Amino acid sequence: MDSTPEALTTIAKTLPLEGTTSFLATTMTNPSSNIEHALRNAAIYHQKNNHPGQAEMIGIHLEGPFIKQNRAGAQPTSSIIRPDVSTFKHYQSLANDLIKLVTLAPELDDQTELTRYLYENGMIASVGHSEANFVQLSHAVNSGIRQATHLFNGMNGLHHRAPGSAGDILLNQNILAEIIVDGIHVSKEMVDLTYRLKGA
């Protein structure tokens with residue numbers, strides 16, 4: 001969100017040191033003007049700055065602003081908006097069609113319009129920063145949700161009387177679960193449980 005070529009160059013130079021060869025430049029919830037500036041910057045960077053020895057920016061991940069207020073985590077709540085196809089189309093035009101992945105709270109996506117639009121146009125709709133229940137998430141999967149953004153973080157967790165978004169994701173084999181395995185965001189025991197249920 002620094003929205004400078006230098007910031008993306010720093011990312012691209014640093015990631016190979018950790019074994020990462022390609023990445024999606026990821027936004028976060030901000031005022032629309034900030035998101036627009038970040039998308040324009042990433043589109044320009046993509047055209048000019050993929051160099052040998054650096055990680056390749058292969059697209060953009062729009063993480064927010066289409067998320068649940070009380071599951072925002074580090075995302076600023078003042079700029080959260082409901083999922084909206086026309087807003088997304090505007091963002092995608094500024095990004096030169098580089099948005100490949102969108103994290104959203106499916107329970108806020110009226111009639112699953114944005115989820116269906118993303119799926120039908122070859123982009124990945126990912127549940128995240130959400131507290132969708134089993135029925136809402138199942139409906140969203142039927143409409144095109146195929147991934148979960150940082151499983152367990154920014155969502156309602158497991159409970160023995162209500163599986164929550166996390167439990168529903170673990171049980172649904174149509175959802176690829178991304179997880180932050182740094183020993184801080186998720187305990188090793190929950191990583192083990194996830195691996196046993198979801199596989200590699």
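This is a predicted model: local features need pLDDT of at least 70, side-chain atom pairs count only at pLDDT 80 or more; totals for chains, interfaces and linings use all residues.
Me: What makes β1 and β6 the edge strands?
Reply: Each of them, β1 (22-26) and β6 (176-177), pairs on one side only. The open sheet has six strands, in the order β1-β2-β3-β4-β5-β6, with parallel pairing.

Me: How do you know that β5 and β6 pair?
Reply: Pairing takes at least two bridges between two strands. Two bridges join β5 (residues 145-148) to β6, so the pair qualifies, and the strands run parallel. Ala148 sits opposite Ala177 of β6.

Me: What does helix α4 touch on the sheet?
Reply: Helix α4 (residues 113-120) packs on the sheet and touches β3, β4 (124-127) and β5. The direction of α4 makes about 155° with that of β3.

Me: How do you know that the length of α2 agrees with its 17 residues?
Reply: At 1.5 Å a residue, α2 should span 24 Å, and its end C-alpha atoms are 25 Å apart, so the two agree.

Me: Why are residues such as Ile35 and Leu39 of α2 called buried?
Reply: Because buried means under 20% relative accessible area, and Ile35 and Leu39 are among the α2 residues in that class, along with Glu36 and Tyr45. The cover over the buried residues of α2 includes α1 (5-14), β2 (56-63), α3 (85-94) and β3 (99-104).

Me: What makes Ile99 stand out in the largest nonpolar core?
Reply: Of its 44 residues, Ile99 and Ile169 touch the most other members. Helix α2 (residues 32-48) gives the most to this core, with five residues. Beyond four places in sequence, the contacts of Ile99 include Leu39, Phe88 and Met123.

Note on methods: Residues are numbered from 1 along each chain as its sequence is written. Side-chain values use heavy atoms; hydrogens and water are left out. A nonpolar core is a set of buried Ala, Val, Leu, Ile, Met, Phe, Trp, Tyr and Cys residues joined through side-chain atoms within 4.5 Å. Buried means under 20% relative accessible area, exposed over 50%, partly exposed in between (1.4 Å probe, protein chains only). Helices (H or I, at least four residues) and strands (E, at least two) are DSSP runs, numbered from the N terminus. Contact means heavy atoms within 4.5 Å. The expected span of a helix is 1.5 Å times one less than its number of residues. Axes are lines fitted to C-alpha atoms, for helices over the stretch in contact, and angles run from 0 to 180 degrees between N-to-C directions.
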